[in-house]
Amino acid sequence: MTSVTLEGIGKSFGKTEVISHVDLAIESGEFVVFVGASGSGKSTLLRMIAGLESPSSGQVLIGGRDVTSAPPSERGVSMVFQSYALYPHMTVRQNIAFGLKLAKAGKESIAEAVGRVAQMLQIENLLDRKPSQLSGGQRQRVAIARAIVREPEVFLFDEPLSNLDAALRTQTRMEIKELHRSLGATMIYVTHDQVEAMSLADRMVILHQGRVEQVGPPSELYHRPATAYVAAFLGSPTMNFLSPERIEGAEALLASGERIPLPQGDWGKAASVGIRPEDIEIGQEGLPATVEMVEELGETRIVHARLSDGEELAIRSRELSEEDRNSKIRITFAPERLHLFGKDGRRLEAG
Ligand SMILES: Nc1ncnc2c1ncn2[C@@H]1O[C@H](COP(=O)(O)OP(=O)(O)OP(=O)(O)O)[C@@H](O)[C@H]1O
Ligand SMILES: [Mg+2]
C-alpha cells in the first residue's frame, strides 16, 4: 500500500509558471481525480508524479520515500495514457508481457500474469490479435492490462477514456472503478470530464491555472463549493449566479427591485448569489421570469428563463415544454440551497 505526497510542487517551463506550490497528500488505496479546464496543469502534475517531468521546486514522495529525482522505473508507478501507445507489430499477449520481459521475469510467471490480467479485463480471446485488429475500447483495455500486469502500487491515468464513444466510456469507467476495488491500489486519474471525475473519485482535486482550487469528496465539492470557480465548474448546466445590487438584512435586492430571501446570517459581503438549476422551483409566487427556451434532455428539461432585470437562469424542470416559450413564470429558491460568494469569489458562511 502506497501513499503519494506532493510538497510545495512548482513547475515552470522557461519563464512560464504552470504549476504553483501544490501541496497534496494522497492516501494509500485512494482514488483521486485531477480535474480542471484544458491547460490547468493536470497532465503536468501527473507527469511529475510519474517522473516524466521534474518539478522546478518541491518534493514528490511515494510510500514516504522521496522520489523527486528518481527515474520513472524506480517509482513503482504505472501510467495509462490517452493514446494507448501499444506496439503495433506485437500481439496483445506480447504487448502485455513486454514490461515483465524487460524486468526479466520467468516465462512461466509471465504467462501466468498475462492470463490473470487478461481474464480480469475480459480480453482472453484477443491475446493473439494485433492492436490494429481491435476496437478502441479493446485497445484501451489492453493498455490497462499492460499497466496492471506489473502490479504497480500506484496507477496514473491521463484521460484514458477520451478516445472512446459515450457507451464504451461509461462501461470502461465502471471497469476501472471495479479494478480499483479489487486491487486496492492507489489511483490518480486525470480528466476534464466532470461526470467521469465525480463518478470515480474518492476525492477530487480541482486545478485552476496551476493551483489547487479545492480538494474533497465529489458531493462536498458539488454541495459546498469553496469558490465560485468550483461552483461554476461542476454541474451541467452550470450554477446560476445573480449579482444583487445590495444586501438588506436577510434579503438580496436585484436591480429590478425584486427580493431574494437568504438564509439567516450576515451576508453584507456577498457579491454574488448562486443557485443550481435543480434547486429552482417554478410556481405561483416568487420572482417573475420569461421562458426563452426549453431544452429536452430526455430524463429532464432545461428551461432557460430571463428575469425582469435581464439576468438569465437555467432551471431543471419537467413541468414546462417548448410550447411554453415566451410565457411568464414565477420562481422561488429555497434559501438553504443558495450559495453566497464574496468579491474575491470565496464562499461565505453564515455568521
Ligand atoms: N513541455 C512544455 N513546454 C512548455 N509549456 C508546456 C509544456 N507542457 C505543458 N505546458 C504548458 O503547461 C500548461 C499546463 O499543461 P497541461 O498539459 O498540464 O494541461 P492539462 O490540464 O493537462 O490540459 P488538457 O486538459 O488540455 O490536457 C499549459 O499552459 C501548457 O501549454
Ligand atoms: Mg492533459
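Reader: What volume does the second largest pocket have?
Author: About 270 Å³. Keep in mind that this is a predicted model.

Reader: Which residues line the second largest pocket?
Author: The lining is Met90, Arg93, Gln94, Ala97, Phe98, Lys101, Lys107, Ile110, Ala111, Val114, Gly115 and Leu127.

Reader: And which elements give two or more residues to that lining?
Author: Those are H2 and helix H3, residues 107-120.

Reader: How does the lining of the second largest pocket split by class?
Author: Seven residues are nonpolar, two are polar and three are charged.

Reader: OK, what about the largest pocket? What volume there?
Author: The largest pocket has about 590 Å³.

Reader: How many residues line the largest pocket, and which lie nearest its centre?
Author: The lining has 22 residues. Nearest the centre are Ser78, Met79, Gly99, Arg146 and Arg150.

Reader: Where does the largest share of that lining come from?
Author: From H2, which gives five residues. Strand E6 (77-80), helix H2 (92-102) and helix H4 (136-148) each supply at least two.

Reader: New topic: strands. Is E8 mostly covered or uncovered?
Author: Mostly covered. Strand E8 spans residues 186-191, and six of its six residues are buried.

Reader: Which residues sit on which side of E8?
Author: Thr186, Ile188 and Val190 are on one side. Met187, Tyr189 and Thr191 are on the other. Both faces are covered. Here is the general rule: side chains in a regular strand alternate between the two faces of the sheet.

Reader: How many bridges join E3 to E8?
Author: Five bridges join strand E3, residues 31-36, to E8, and the two run parallel. Val33 has Tyr189 as its bridge partner in E8.

Reader: And E7 to E8, how many bridges?
Author: Five bridges there, with strand E7 (residues 154-158) running parallel to E8. The bridge partner of Phe157 in E8 is Tyr189.

Reader: What do E7, H5 and E8 make together?
Author: A right-handed β-α-β unit. Helix H5 covers residues 166-183.

Reader: Tyr189 keeps coming up. Now aromatics: how many aromatic pairs are there?
Author: The structure holds six. One of them is Phe31 with Tyr189. That pair is tilted, at 5.9 Å centre to centre and 45° between the planes.

Reader: Which strands hold Phe31 and Tyr189?
Author: Phe31 lies in strand E3 and Tyr189 in strand E8.

Reader: Are Phe31 and Tyr189 buried or exposed?
Author: Buried, both of them.

Reader: And what do Phe155 and Phe157 form?
Author: A stacked aromatic pair, 6.0 Å centre to centre with 10° between the planes. Phe155 and Phe157 are both buried too.

Reader: Which residues make up the aromatic cluster with Phe31?
Author: Phe31, Phe155, Phe157 and Tyr189 form one cluster.

Reader: Switching to helices. Why is H1 largely enclosed?
Author: Seven of the nine residues of helix H1 (residues 42-50) are buried, so the rest of the structure largely encloses it.

Reader: Which residues of H1 are buried?
Author: Lys42, Thr44, Leu45, Leu46, Met48, Ile49 and Ala50.

Reader: What follows H1?
Author: Gly51 follows H1, with a positive phi near 95°.

Reader: Is Gln209 buried or exposed, and why?
Author: Exposed. Its relative accessibility is 63%, and the cut-off for exposed is over 50%.

Reader: Last one. Which residues does the cis peptide bond join?
Author: Ser236 and Pro237, with omega about -5°. Pro237 is in the loop between helix H8 (228-233) and strand E11 (240-242).

Terms used:
Residues are numbered from 1 along each chain as its sequence is written. Chains are lettered from A and ligands numbered from 1 in the order in which they are written. This is a predicted model: local features need pLDDT of at least 70, side-chain atom pairs count only at pLDDT 80 or more; totals for chains, interfaces and linings use all residues. Side-chain values use heavy atoms; hydrogens and water are left out. Buried means under 20% relative accessible area, exposed over 50%, partly exposed in between (1.4 Å probe, protein chains only). Helices (H or I, at least four residues) and strands (E, at least two) are DSSP runs, numbered from the N terminus. Two strands pair if DSSP finds at least two bridges between them. A crossover is right-handed if, with the strands pointing away from the viewer, the path from the first strand over the helix to the second runs clockwise. On a 1 Å grid over the protein atoms alone, a cavity is a set of points where a 1.4 Å probe fits but cannot get out, and a pocket is an open set with protein on both sides within 12 Å along at least five of seven lines; lining residues have an atom within 4 Å of a point. Grid points are joined across faces, edges and corners, and a volume is the space filled by probe spheres set on the points. Ala, Val, Leu, Ile, Met, Phe, Trp, Tyr, Cys and Pro count as nonpolar, Asp, Glu, Lys and Arg as charged, and the others, Gly among them, as polar. Rings of Phe, Tyr and Trp (its six-membered ring) pair if their centres lie within 6.5 Å; planes under 30 degrees apart count as stacked, over 60 as edge-to-face and the rest as tilted.
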